[in-house]
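Colleague: I am new to this one. Can you walk me through it, step by step?

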Amino acid sequence: MSNVNLGFIAKAALATATALLLLPVHVPAQATQSATKAGQSTSSATTEKGERWLHVRVICTDGKGDTVRVNVPLELAEKVLPAVNHDRLHNGKVRIDSSDINDVDLRALMDAIRTAKDGEYVTVQGSDNDVRVAKLGDHLIVHVVDKGGSKKSQVEVKVPMKVIVALLSAGKDELDLVAALHALGAQGDVELVSVKDSENTVKVWLDSKNVAD
């Protein structure tokens, strides 16, 4: 497999996680308030059976000590997302810049990975970054360590393969976020994204609780 294709595996996985990470940011204030009220109306931290919540927690470690927690029920996100039109996001889909994919057939690539055996597909050790892309069970795992500059960071992305397949179910040059969220709702509790650097610690995960840890 060429270096372009290997690199794009990492790009695709990171794009998936980034889309999930940015979702709460694009949800209108009214929708966020609705989510908060939904959480407050439940006396227990565990929601009704079958309800799934996407959580984002950002902890400032640069001395300010600020902590931001966002808790979004997937059902709400699936309903609100199609109504949000911002930049490349329209009708629940994100447009991909053709220059980013370098004529790679994303669907064929991910289908090949989905049906392949578990293993470590990419390992890159460089002076600025270390990158590892692997498949473990039904998950695609991307681990990136940025060693360059003063703001060293570590990123861990764990995305269920079914979510990636759903994400790529839209038309050409598009990512279907709503389909990905729907597929995500069928998953068990899972940590999707973990980011650590000199200024912030970010965690994105899915479970059945309406409050973050």
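Modeller: Gladly. Keep in mind that this is a predicted model. Start with a pair of strands: β10 (residues 190-197) and β11 (residues 200-207) are joined by six bridges, in the antiparallel sense.

Colleague: Which residue in β11 stands opposite Val190?

Modeller: Strands β10 and β11 pair with each other. Across from Val190, the residue in β11 is Leu206.

Colleague: Which strands stand at the edges of the sheet?

Modeller: The open sheet has eight strands, in the order β2-β1-β11-β10-β8-β7-β6-β5. Pairing is antiparallel. A strand with a single partner has one side left without a neighbour in the sheet, so the edges are β2 (67-73) and β5 (119-125).

Colleague: By how many degrees are neighbouring strands of this sheet turned against each other on average?

Modeller: Direction is ignored here. The average is 10°.

Colleague: Which helix packs on the sheet, touching β5, β6 and β7?

Modeller: The helix spans residues 106-115, and its direction makes about 65° with that of β6. Helix α5 is the one.

Colleague: Where do the buried residues of α5 fall, seen down its axis?

Modeller: The buried residues of α5 are Leu106, Leu109, Met110 and Ile113. In an α-helix, residues three or four places apart point the same way. Down the axis of α5, the buried residues line one face, because they fall within an arc of 90°.

Colleague: Does Asp146 count as buried, partly exposed or exposed?

Modeller: Asp146 belongs to strand β7. Buried means under 20% relative accessible area, and exposed means over 50%. Asp146 has 27%, so it counts as partly exposed.

How values were computed:
Residues numbered from 1 in each chain as written. Predicted model: local features only at pLDDT ≥ 70, side-chain atom pairs only at ≥ 80, totals over all residues. Heavy atoms only, no water. Pairing = 2+ DSSP bridges. Helix = DSSP H or I, 4+ residues; strand = E, 2+ residues; numbered from the N terminus. Axes fitted to C-alpha atoms, helices over the stretch in contact; angles between N-to-C directions. Contact = heavy atoms within 4.5 Å. Buried < 20%, exposed > 50% of the residue type's maximum accessible area, 1.4 Å probe, protein only. Arc of directions from axis to C-beta.
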